[in-house]
Amino acid sequence: MKTLHKFHGGVHPPTHKAESTRTPIARLPMPAKLVIPFHQHVGNIAKPLVQVGDYVLKGQLIGLPEDGISSAIHASTSGTISAIGMAVVAHASGLPDLCATLIPDGKDEWIARETTDYRNANPEQVRLVLRMAGVVGLGGAVFPSDLKLRIGKHAIKTLVINGAECEPYITCDDMLMRERAEEIIKGAEIMRWALAAEEILIGIEDNKPEAILAMQIAARASSDNIAVIAVPTLYPGGGAKQLIRVLTGIEVAAGVRSTDKGVQCFNVATAQSIYRALHHGEPLVARIVTVTGNVKNAQNLEVLIGTPVRDLLNFAHALPDTDSSIMGGPMMGLPLPNSDVSIVKAANCIIASSPKLFPPAPPAMPCIRCTRCADVCPAELQPQDLYWFAKAKDFGKAQEFNLFDCIECGACSYVCPSSIPLVQYYRFAKSEIWARETEKNSADAARERFEFREYRTEREKIEKAEKLAAKEKAAAAAKIEAAKVAATQPATAAEVTAPQDDAQAKIQAAIAHAQQQAAAIKPKNTEQLTPQQQAEIADIEARRARIHELAATDVEVPKE
Ligand code: SF4
Ligand code: SF4
């Protein structure tokens, strides 16, 4: 029996999970069009590989991962690309993003799929397959999974698979575990192999007995060292740090990564998509989405990425008074700008909203310093202080009080007797800080570019000075030679030394000039310069060194 641990705080909001778990996962009929964003993951946007008019097959790569943190994007079905352009997407910024519009041909015809037996591959090959399959964290973070499977400085002992699904209304992971437990376990085994982890701990909240049973049966049929553990139902117990704390007792402190403590954490749906990518050669083109709230038939649907939210609401029979929808849960979800936006990889749930279901919050009252918010905060913050700092735009102080450790779980807002929308204040403060940092970085980059231009101009001056120094030196050497010859002839001492002194003075003047030029402005910080610019700087430095060399190896003027 595994000993469980507690995390600080937590709340018990009504779960509303029963409504959408009465029927098995259904497949949504083929939409009339799909709008597929090229940026559905943390990191760089994928580079479009298709053009308007192209015919594509299901699973065909349409967006190539860019360098660094990025992931691939695929056609979710077969059909024709009808547009590539900006469209409103489901994102907190509310800004449009680059999307491909795909008109399905109804055949749903796959590309040729190549399977990979991970046991005959090496971890790097497996990571490449996952990168090109567009597998990202499906618990909401959408971080590219291939990067999370890299072994860093610290060995990973424990792989935690997150099946907690603590947020009210959302049941897609619950239904996935009930119906596809075997695929999740096989995906977890691939991850354990890639990370060389010793054990797999699968945490599921104890309000999902069917999922726990299905996962235990699948785990027993699999290899050793996989434990399926029921954890207490307590929001936000599905946060990675909270679940790791409950399962292992390890406290992942502020600014520390769980991998520094030998633990890596993945969502159950991510594990299943890893299995599909390797065993079936299927890129991530669909996901399970809970459609619930103000609908007649709350349920879980298998939905192609790019499907308009409107299609899901219509299929589930949204009630007439539905006035908006939320992507995610009521605690951490994102209000959608309209129902034309499409399902992305992060979309685990769509809640149809109505004024009756979610009545407007009462007006916010002054903070009475009751500290209830601090009592429930899983990050052990002082939410009331963060609120004051954010309200006063004292962002420095907010950072000092660990604003960025806030996981925006909303537990503080949930218990606040003054109905203060605390999380909105934290989001505002974070976005302001990011905006200022972005602005500062842009200004720094502009200054460095300016300094580099100045530096390049100086290089030309240095080159001229260098040539002049060499020329003067050659002329001086010639004069000295001539003086030597002349010295063999009868002449006065003054006639011999005068040209020598004159030549030496010219050399020194030229070298001094060159050295002066060589001390010209140099960019202070070259980190943001391009490799070509950095090469130019190296070239200039080499030239300076040569000038100094010239100075050091001055022509020796023979003395009488
Ligand atoms: S719960 Fe609300 S009223 Fe109480 S201290 Fe926190 S912010 Fe203030
Ligand atoms: S939203 Fe942030 S401050 Fe509030 S309880 Fe959650 S982690 Fe704490």
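Residues are numbered from 1 along each chain as its sequence is written, while chains are lettered from A and ligands numbered from 1 in the order in which they are written. Because the model is predicted, local features need pLDDT of at least 70 and side-chain atom pairs count only at pLDDT 80 or more, whereas totals for chains, interfaces and linings use all residues.

**View 1. The surroundings of ligand 2.** Look here for 16 residues around ligand 2, the closest being Cys377, Pro383, Cys406, Cys409 and Cys412. Two or more residues each come from α11 (411-415) and α12 (422-488), and α12 provides the largest share, 3 residues. By type, the shell has 14 nonpolar, 1 polar and 1 charged.

**View 2. Glu408 in its loop.** Glu408 sits in the loop between α10 (395-400) and α11. Glu408 is partly exposed because 18 other C-beta atoms lie within 10 Å (buried means 20 or more, exposed 12 or fewer, partly exposed in between, with C-beta atoms placed from the backbone). Beyond residues up to four places away in sequence, Glu408 touches Met332, Val423, Tyr426 and Arg427; contact means C-beta atoms, placed from the backbone, within 7 Å.

**View 3. Helix α1 against helix α6.** Helices α1 (residues 123-132) and α6 (residues 268-279) pack at about 105 degrees, their axes 10 Å apart. Axes are lines fitted to C-alpha atoms over the stretch in contact, and angles run from 0 to 180 degrees between N-to-C directions. So α1 is roughly perpendicular to α6 (65 to 115 degrees). Val126, Val129 and Leu130 of α1 meet Ile274, Ala277 and Leu278 of α6.

**View 4. Met191 and its partners.** Leaving aside neighbours within four places in sequence, Met191 is in contact with Leu149, Leu159, Phe266, Ala271 and Ile274.

Conventions:
Near = placed C-beta within 6 Å. Helix = DSSP H or I, 4+ residues; strand = E, 2+ residues; numbered from the N terminus. Nonpolar A, V, L, I, M, F, W, Y, C, P; charged D, E, K, R; others polar. Contact = placed C-beta atoms within 7 Å. Parallel < 35°, antiparallel > 145°, perpendicular 65-115°, else oblique.
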